[in-house]
Amino acid sequence: MAVIEITTRVGCRVMCSYCPQDRILGSYPDLRNSGHLMSFEAFERCLARIPVPVNIHFSGFTEPWLNPDCTRMVVAAGSRGHVVKVFSTLAGMTLTDVEQLEAARIDAFVIHLPADDDSMRLEVDSAYLAVLERLVHGKLPVRPKFHGSRMHPRVAEVVGESHRAPLHTRAGNVDVEGASPPRRLRGELACRRDPVQHVLLPNGDVVLCCMDWSLQHVLGNLVEDDYETITSGPEMQRVLAGWADESADILCRTCDKRAVSVDWKAKLYNRRLPRWKRRLGIS
């Protein structure tokens, strides 16, 4: 199923240690004035160009609710008939937001919980815990998860059990403790998310996927072009051709999360060879 992720703003105060905010901040062309924030009017213009069968995910390169219009956007996407999923740390969300979201059409609500360390700049105070408790015990289809060794103890009291998600380097965009930098993949590749899951930025630009923090592959602009033109345009065709051409300079060649080796040579080099080297102690 086709998906487009919504980045409601550029710049995230939560600043998770495993999130390459420096890459997006250094690459986004419209940081001045209010160019970093997606207006509701711009969202509506873009939404009108996205076919209804395309799923809408509120995630992208930031915490969605650091944009005060995020709840309105979620309600609008659901009202138009899209399958809507939310991925949030809850930073910026209020109980009023939760009340409005409970009346909206949301198919999944994934909460990124803080761990018992300083990897996430999120204050676990009474306001945050009130929102979390309302979500966990409310009407929405909530799925909590966290990164790190263990959840924040006050959060664990509310949530109980939660899925512990492994970290990755986001195609080499961020250093992760205990994870080796990704090797350049060889042979023919594909993506686990087929069709590729694109990301919409506040200025209307659409980039390849949620690994494209440096905006290496800008496919087009949804304010200016229709969805079909963007998703089948020259830049997307260059990426697809690069899946078969290992000399191509595409992000997928360093992806440690979604890239799939297709032919036997690729599987041998990209998957089995690193395992053999680890067993033999070869770097």
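This report walks through helix packing, the nonpolar core and a handful of individual residues in a predicted model.

Residues are numbered from 1 along each chain as its sequence is written, and side-chain values use heavy atoms, with hydrogens and water left out. Because the model is predicted, local features need pLDDT of at least 70 and side-chain atom pairs count only at pLDDT 80 or more, while totals for chains, interfaces and linings use all residues.

## Helix packing

Two packed helices are described by the angle between their axes and the distance between the axes. Helices here are DSSP runs (H or I, at least four residues), as are strands (E, at least two), and both are numbered from the N terminus. The axes are lines fitted to C-alpha atoms, for helices over the stretch in contact, and angles run from 0 to 180 degrees between N-to-C directions.

| Helix pair | Angle between axes | Distance between axes |
|---|---|---|
| H2 (residues 40-47) and H3 | about 20° | 10 Å |
| H3 (residues 70-79) and H4 | about 0° | 10 Å |
| H4 (residues 95-102) and H5 (residues 126-136) | about 15° | 9 Å |

Let us start with H2 and H3. Their angle of about 20° makes H2 roughly parallel to H3; on this scale, angles under 35 degrees count as roughly parallel, over 145 as roughly antiparallel, 65 to 115 as roughly perpendicular and the rest as oblique. Phe40, Phe43 and Leu47 of H2 meet Arg72, Met73, Ala76 and Ala77 of H3, where contact means heavy atoms within 4.5 Å. By class, this contact of H2 with H3 has 6 nonpolar, no polar and 1 charged residues. For these classes, Ala, Val, Leu, Ile, Met, Phe, Trp, Tyr, Cys and Pro count as nonpolar, Asp, Glu, Lys and Arg as charged, and the others, Gly among them, as polar.

Next come H3 and H4, which are also roughly parallel to each other. On the H3 side the contact is made by Thr71, Val74 and Val75, and on the H4 side by Asp97, Gln100 and Leu101. These residues divide into 3 nonpolar, 2 polar and 1 charged.

H4 and H5 are roughly parallel as well, and H4 passes H5 in a right-handed crossing. Leu95, Val98, Glu99 and Glu102 of H4 make the contact with Ala130, Val131, Arg134 and Leu135 of H5. The contact of H4 with H5 comprises 5 nonpolar, no polar and 3 charged residues.

In soluble globular proteins, nonpolar side chains tend to be buried together. The largest nonpolar core of this model has 83 residues, and Phe43 and Phe58 touch the most other members. Such a core is a set of buried Ala, Val, Leu, Ile, Met, Phe, Trp, Tyr and Cys residues joined through side-chain atoms within 4.5 Å. Buried means under 20% relative accessible area, exposed over 50% and partly exposed in between (1.4 Å probe, protein chains only).

Setting aside neighbours within four places in sequence, the contacts of Phe58 include Phe43, Met73, Val74 and Ala77, along with Ile6, Val86 and Phe87. His57 is found in strand S2 (residues 55-58) and is buried, with a relative accessible area of 8%. With the same exclusion of sequence neighbours, His57 is in contact with Val3, Ile4, Glu5, Ile6, Lys85, Phe87 and Gln197.

## Loop residues worth a look

His217 sits in the loop between strand S9 (205-207) and strand S10 (218-221), and at 0% relative accessibility it counts as buried. Its C-alpha atom is separated by 8.0 Å from that of Leu251, 34 residues apart along the chain. Beyond neighbours within four places in sequence, the contacts of His217 include Asp212, Glu235, Arg238 and Asp249.

Ser247, in the loop between helix H8 (234-244) and strand S11 (259-261), is exposed at 62% relative accessibility.

Two non-glycine residues have positive phi. Met15 has phi near 45°, lies in the loop between strand S1 (3-6) and helix H1 (21-27), and is partly exposed at 33%. Ala171 has phi of about 60°, is found in the loop between strand S6 (163-164) and S7, and is buried at 7% relative accessibility.

Finally, the peptide bond from Asp194 to Pro195 is cis, with omega near 10°. Pro195 lies in the loop between strand S7 (189-191) and strand S8 (198-200).

Note on methods: Left-handed = near helix turned anticlockwise from the far one by under 90°.
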